[in-house]
Amino acid sequence: MNGFWSVLSREIRLSLRGGGEILTLVLFFVIVGAVVPFAVGPDKALLARIAPGIVWIAAFLAMLLGLEKLFGPDRADGTLALYRLADIPLSAVVAAKVIAHWLTAALPLILASPVLALLLAMDATSFWRTVLSLLLGTPALAGFGAIGAAVTVATRRGGLLAPILIAPLSVPVLIFGVGAIAPTGGPDQAQAAILLLAALSLMVVVLSPFAAALAIDWGED
Amino acid sequence: MTIDTTPKMTWWNRLSHPGQFVALTRPLVLPLALLTGVLFAVGLWYGLFSSPPEKYMGDTVRIMYVHVPTAWLSQFVYATMAVSALGTLVWRHPMADVSMKAAAPLGAAFTAMALFTGSLWGRPTWGTFWEWDGRMTSTLVLLFIYLGIVALWRAFDDQLRAARVVAVFTLVGAVNIPIIKFSVDWWSTLHQPASVFRADGPTMPGEILTPLFVMFFAFTFLFITLQLAAMHTEVRRRRITTLERRAARGDAR
């Protein structure tokens with residue numbers, strides 16, 4: 001358990017002292033959201049209607065950006081090889097890294113989401129629903145991201161490949177995430193969507209460290 | 001009395017040797033190809049000339065004879081890949097790697113064909129090439145997964161290492177596909193419900209069902225033939241790489 005906590009605190013310290021990495025990510029999130037009105041026009045009613053989707057897409061893209069940092073630097077400086085030899089299982093190390101990834105790449109976005117809500121003319125109810133659905137859904141994105149990063153860490157051009165691999169897997173997260181905010185026609189299924197989103201997140205967070213650890217372990221010799 | 005622990009040359013062990021595998025399965029390719037050709041000839045004749053046009057859709061119903069078999073294969077090929085991935089991860093069977101690699105582009109091609117024929121069929125019957133409906137969307141997502149797996153194969157230089165990593169991802173995808181299917185169905189549904197395999201029997205008349213089943217087997221045998229041929233090609237490609245490497249080392253010495 002000691003090893004788990006030290007990996008977790010190492011990851012968090014690295015990204016806190018990494019020269020404003022988190023701020024860059026937050027800035028990217030806000031800019032992606034703020035660029036959309038230029039593309040679709042400053043119509044407040046339309047913006048309010050598509051705002052949940054915009055916030056989710058911005059969060060999704062921002063979380064994909066940080067993936068290369070998940071295992072890439074550790075492999076480059078040999079830390080990953082040491083993790084494989086450590087006396088805690090590699091899946092525990094990966095789990096610590098997934099949690100750290102969520103804390104440093106997803107939580108700041110959620111904290112910054114009020115800015116986007118203001119810019120996109122969201123009302124208070126849908127804003128709180130957005131925060132809830134992001135809180136419940138982003139762990140699943142972090143888990144899938146770990147799998148994508150682990151599968152591509154041994155390749156030379158992993159950077160572009162990981163998002164391509166993960167995006168199809170993340171479709172359910174986006175569907176339930178947006179469904180939890182704005183019911184698209186028919187009866188209000190937001191409650192069901194929230195429960196399904198939470199179930200999906202739990203499953204992915206539990207299983208993804210094992211899959212990612214397997215991929216890392218067998219991708220090396 | 002001593003216990004003999006040397007591995008026996010069972011057919012399973014022989015299959016795991018690439019050269020033996022090619023020698024054993026090579027005679028199968030030509031008969032399989034002939035069978036595929038005959039099935040296609042019979043199925044197409046039945047489908048295009050012998051079966052009646054449908055009451056509401058007219059002659060466009062004949063697109064079904066290509067659309068439904070390719071859609072079935074788009075899922076069957078993934079199942080083949082998932083079983084091969086298990087073979088790679090559990091038994092480290094060398095031919096499972098090759099089978100997994102050969103199946104990925106075939107699956108992508110069949111999925112693309114299913115989507116293409118589906119949109120050709122959708123235009124006259126639904127009035128649109130594309131509709132964001134449950135089954136079409138999940139087939140599109142499946143195509144993206146296939147293409148991602150092909151891209152992942154190509155990103156590695158060492159194919160033996162690639163096999164194990166791709167196997168992990170293939171199994172992750174296999175766990176995810178039902179979830180994707182469920183979520184997309186939950187999201188939107190317009191496509192007609194399944195009408196061939198149902199508990200109360202098929203809802204289509206026999207003269208349409210016969211060519212459908214013939215085409216179904218024709219496409220499945222097409223897949224098996226192409227899969228074997230692609231596996232043989234992959235075995236030879238790996239042997240060439242090994243020979244080239246050996247030759248390069250010999251020159252350097």
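In chain A, the unreviewed UniProt entry annotates "transmembrane region" at residues 21-40, 46-67, 102-122, 134-154, 160-182 and 194-216. Such annotations may be inferred rather than shown by experiment; positions follow the numbering used here and feature names are shortened. The model is predicted: local features need pLDDT of at least 70, side-chain atom pairs count only at pLDDT 80 or more, and totals for chains, interfaces and linings use all residues. Residues are numbered from 1 along each chain as its sequence is written, with chains lettered from A and ligands numbered from 1 in the order written.

Residues 46-67 of chain A are 91% helix and 0% strand, with end C-alpha atoms 32 Å apart. For residues 134-154 of chain A, the figures are 90% helix, 0% strand and 31 Å. Helices (H or I, at least four residues) and strands (E, at least two) are DSSP runs, numbered from the N terminus.

## Where chain B meets chain A

On chain B, 20 residues are in contact (C-beta atoms, placed from the backbone, within 7 Å) with 21 residues of chain A. Helix 5 and helix 6 (159-187) of chain B each give two or more residues to this side. Helix 6 of chain B gives the most, twelve.

The side of chain B that touches chain A has 15 nonpolar, three polar and two charged residues. Here Ala, Val, Leu, Ile, Met, Phe, Trp, Tyr, Cys and Pro count as nonpolar; Asp, Glu, Lys and Arg as charged; the others, Gly among them, as polar.

Definitions and conventions
Contact = placed C-beta atoms within 7 Å.
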